[in-house]
Amino acid sequence: MEQISQQAMSPDLIQKIDQAGIIAVLIVDDVTHAVPLANALLAGGVDTIELTLRTPAALAAAKIIKKEVPEITLGFGTVLTVDQVKAVVDVGADFAVSPGCNPKIIAEAHRQGLSFAPGIMTPSDIEIAIQEGCRILKFFPAATSGGIKHLESMSAPYNYLGLKFIPLGGCNLSNAPTYLESSLITAIGGTWVAKRNLIQSEDWSTITNNAKEIRSLITKIRS
């Protein structure tokens, strides 16, 4: 049986993400929101986040979270360049993901010792990811690509390799069970837990309640 030659994500990190079951995808515009946001998520039982590199505040927010809320497993999304890989490593990221599957970015993450999950949507994407040593892959955009049925069909030829997927794009509390009940899924990702407008309005109680809802669902499905 063919084995993946190298591991693009550390075993400890793989276990943490699997135990989390949910990665809260966050768009942070104001650095002062970083700590209360992280604490609001923790209060609801969500300890794994993905800060998207779509705002100037993302890197500074990460630094503060790493220092003030060390219980958080902190990842970055929308990592598109070699310089961004280096930047997220410099602020102490635990992992990073990208929307696409770029061998150059995966290789740089490996050189930097950064756990990395590239984005896939086709069998060709999966094969590139396998070639680059990846076991955990971001399925993006999940909903418009056909959801769990498409993923199950597309990934079938590669199941013997033990690949696991993180669906992002259109995931929410309503469709979460269709993903979480599949053995292919390590965790789901989504912005609905802490939407941008909720963060901007500092609605920490709603964010905590959203986190509690998805944590309860994960516990129910996976217990």
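**Parallel sheet and overall dimensions of the chain**

Three strands form an open sheet in the order β6-β7-β8, with parallel pairing. Its edges are β6 (119-120) and β8 (164-167), each of which pairs on one side only. Between β6 and strand β7 (residues 136-139), the parallel pairing extends over two bridges. Within this arrangement, I120 stands opposite F139 in β7. The model examined here is predicted, and its secondary structure comprises 10 helices and nine strands in total.

The overall dimensions were then considered. For 223 residues, a compact globule would have a radius of gyration near 17 Å; the chain has 16 Å and therefore agrees with that expectation. The C-alpha trace spans about 50 × 40 × 30 Å along the principal axes of the chain.

Of the contacts with a separation of 6 or more, 65% involve residues 24 or more positions apart. Buried residues account for 52% of the 223 residues.

The chain carries 18 positive and 21 negative side chains. The centres of these two sets of charged side chains are 1 Å apart.

Methods: Residues are numbered from 1 along each chain as its sequence is written. This is a predicted model: local features need pLDDT of at least 70, side-chain atom pairs count only at pLDDT 80 or more; totals for chains, interfaces and linings use all residues. Side-chain values use heavy atoms; hydrogens and water are left out. Helices (H or I, at least four residues) and strands (E, at least two) are DSSP runs, numbered from the N terminus. The radius of gyration is taken over C-alpha atoms; the globule rule is 2.2 Å times the number of residues to the power 0.38. Buried means under 20% relative accessible area, exposed over 50%, partly exposed in between (1.4 Å probe, protein chains only). Contact means heavy atoms within 4.5 Å. Lys and Arg count as positive and Asp and Glu as negative; His and the chain ends are not counted. The place of a charge is taken as NZ of Lys, CZ of Arg, CG of Asp or CD of Glu. Two strands pair if DSSP finds at least two bridges between them.
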